[in-house]
Amino acid sequence: MLISEYYKPNDGSAQVRQNPKTKEYFIIYFAEDGQIFDSEKFPDKSLRYVEDAAENYALGIKILWIYTA
């Protein structure tokens, strides 16, 4: 279930979602072209914590290191 979305100017977005079965929150990261490039689970973390992480990504504070071969 989509809860919120944070946009990184000219670089994609981060969607905060909740698994309806486990009630765990997670983030799906999207590239500017709309393709999913990463996701991150947050077991036992509050919604506020996860939304802060997504916002930090959008603001450039949280850096994701993606390995490409």
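Me: In the hairpin of β1 and β2, which residue takes a positive phi?

Reply: This hairpin has 3 residues between the strands. Strands (E, at least two residues) and helices (H or I, at least four) are DSSP runs, numbered from the N terminus. The positive phi is near 60°, and the residue that takes it is Asn10.

Me: Which atoms do the side-chain values use?

Reply: This is a predicted model, where local features need pLDDT of at least 70 and side-chain atom pairs count only at pLDDT 80 or more, while totals for chains, interfaces and linings use all residues.

Me: How many bridges join β1 to β2?

Reply: β2 covers residues 12–18 and runs antiparallel to β1. Two strands pair if DSSP finds at least two bridges between them. Across this pair, Tyr7 stands opposite Ser13, and Glu5 stands opposite Gln15. The number of bridges joining β1 to β2 is 6.

Me: Which strands stand at the edges of the sheet?

Reply: The open sheet has 4 strands in the order β1-β2-β3-β4, with antiparallel pairing. Two of them have a single partner strand each, so one side of each lacks a neighbour in the sheet. From one strand to the next, the twist averages 15°. The edge strands are β1 (2–8) and β4 (36–42).

Me: At what angle does helix α1 run to β1?

Reply: Helix α1, residues 47–59, lies across β1, β2, β3 (25–30) and β4. Axes are lines fitted to C-alpha atoms, for helices over the stretch in contact (heavy atoms within 4.5 Å), and angles run from 0 to 180 degrees between N-to-C directions. The angle of α1 to β1 is about 20°.

Me: Is Lys8 buried or exposed?

Reply: The side chains of Lys8 and Asp11 meet in a salt bridge at 3.6 Å, N to O; the term means a side-chain nitrogen of Lys or Arg within 4 Å of a carboxyl oxygen of Asp or Glu. Buried is under 20% relative accessible area, exposed over 50%, and partly exposed in between (1.4 Å probe, protein chains only). Asp11, at 36%, is partly exposed. Lys8 has 18%, so Lys8 is buried.

Me: How far apart in sequence are the parts that Glu40 and Lys62 tie together?

Reply: The side chains of Glu40 and Lys62 meet in a salt bridge at 3.3 Å, N to O. Glu40 lies in strand β4, and Lys62 in the segment after α1, so the separation in sequence is 22 residues.

Me: What separates Asp52 and Arg48 along helix α1?

Reply: Their side chains meet in a salt bridge at 3.6 Å, N to O. Asp52 is partly exposed at 31%, whereas Arg48 is exposed at 61%. Because Asp52 and Arg48 are 4 residues apart in α1, what separates them is about one helical turn.

How values were computed: Residues are numbered from 1 along each chain as its sequence is written. Side-chain values use heavy atoms; hydrogens and water are left out.
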